[in-house]
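Dear colleague,

Please find below the sequence and the structure that I am handing over to you. My findings follow directly after them.

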Amino acid sequence: MAAVDSFQLLYREIARSCSGYVETLALVGACYMASKTVIFMRDCYSLIRLYFVPRLVRHRDLSQQYGQWAIICGASEAIAKAYAEELARHGICVILISKDLSSVSDTARLISNNYGVEAICIEADFNQGPSACKPIKDAISSKDIGFIVNSFDGTLEISQNFLELSESVLWGTIDRNIAATTLVTRLALPAMMERGRGAVVNISSGHCFHPIPRKAAFSASTAFLDNFSRSLQYEYGDQGVFVQSLLPFRVASQRPEGSAPPASWLVPSPQVYASHALSTLGISHRTTGYWPHSMQLGLVKMMPEWVWMLGSRVFTMAT
């Protein structure tokens with residue numbers, strides 16, 4: 001009985017001495033939950049303000065806000081074609097730059113016929129060095145260029161070990177994704193600065209946030225485009241030029257029916273993605289461009305790198 005009384009006495013003394021710590025821990029927990037609630041509400045507000053409100057407001061006059069012409073570099077990519085078509089829907093004339101004119105001629109004809117705007121195709125092979133810039137410089141010299149859209153070349157998205165890539169493939173990757181983006185931007189940006197208006201949109205990939213095994217060159221190239229965009233915004237954002245880094249995740253390809261999975265809400269068609277992405281122009285400097293992809297990005301950011309690497313290895317080995 002004495003032992004029981006002693007235990008109860010000891011328990012009461014311990015509880016009395018720890019009551020202050022318990023209250024402190026409860027206060028810390030309440031503050032933590034309050035901060036998480038505020039962050040969640042802020043993210044929801046940002047999601048609505050960025051992706052839903054702009055699509056409900058009246059039609060914007062993009063030509064007056066930025067300029068009458070758009071340069072689309074890497075126009076053979078599905079997202080770039082859809083983005084060019086979406087700009088044409090708003091009355092913007094487009095200059096489609098590609099290594100192979102046959103891959104963009106149909107797009108140019110479609111844009112001209114459907115939207116009544118001018119569409120020009122320019123063949124530029126940046127593997128040839130600075131000589132690729134001359135036809136572009138001649139084409140834009142007398143035009144009110146309001147948009148520079150650089151699209152990532154997804155050739156290297158196929159899973160392959162770095163040492164299995166030939167030197168020619170690596171040089172091509174550098175030329176198309178780094179040299180082309182840098183040089184085309186350098187050609188058109190000075191005129192934007194003179195007019196005090198314009199937009200630079202670099203489309204890369206949401207996979208730049210973590211390294212990807214068996215896609216080293218692909219992952220590094222997307223990170224370059226993202227970093228290049230953010231640096232340009234700090235340099236010229238206060239001089240009337242809006243620079244945006246678009247970081248989409250998977251977008252449905254435009255392959256023949258039956259050869260690729262159909263589009264869905266998480267994997268949109270290029271046209272759906274471009275429509276959402278263009279509505280974020282002038283609002284966000286760095287975004288996925290599509291609200292389900294932003295939710296996906298939130299999960300990616302919370303994921304430890306070792307978990308991401310494990311999942312990437314399983315996925316890339318399967319493909």
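In which sense do strand 1 and strand 4 pair, and over how many bridges? The two strands pair in the parallel sense, over five bridges. Please bear in mind throughout that this is a predicted model.

**Overall content**

The protein holds 10 helices and seven strands. Of its 319 residues, 41% are buried. Among the contacts with a separation of 6 or more, 74% are between residues 24 or more positions apart.

The seven strands form an open sheet with parallel pairing, in the order 3-2-1-4-5-6-7.

**Strand 4 and its partners**

Strand 4 is mostly covered, with seven of its seven residues buried. Besides its pairing with strand 1, strand 4 (residues 145-151) pairs with strand 5 (residues 198-203), again in the parallel sense and over five bridges. Ile148 of strand 4 is the bridge partner of Ile71, and Ile148 also stands opposite Val200 in strand 5. Val149, in turn, stands opposite Val201 in strand 5.

Helix 6 (residues 167-195) lies across strand 1 (69-73), strand 4, strand 5 and strand 6 (241-246). Relative to strand 4, helix 6 runs at about 160°.

**The buried side of helix 4**

Which residues of helix 4 are buried? They are Thr107, Ala108 and Ile111. These residues cover an arc of only 100° around the axis, and therefore lie on the same side of helix 4. As a general point, an α-helix has 3.6 residues a turn, so residues three or four places apart point the same way.

The buried residues of helix 4 pack against helix 3 (78-89), strand 2 and strand 3. Just after helix 4, Gly116 takes a positive phi of about 65°.

With kind regards

Definitions and conventions
Residues are numbered from 1 along each chain as its sequence is written. This is a predicted model: local features need pLDDT of at least 70, side-chain atom pairs count only at pLDDT 80 or more; totals for chains, interfaces and linings use all residues. Side-chain values use heavy atoms; hydrogens and water are left out. Two strands pair if DSSP finds at least two bridges between them. Helices (H or I, at least four residues) and strands (E, at least two) are DSSP runs, numbered from the N terminus. Contact means heavy atoms within 4.5 Å. Axes are lines fitted to C-alpha atoms, for helices over the stretch in contact, and angles run from 0 to 180 degrees between N-to-C directions. Buried means under 20% relative accessible area, exposed over 50%, partly exposed in between (1.4 Å probe, protein chains only). The arc is that of the directions from the helix axis to the C-beta atoms.
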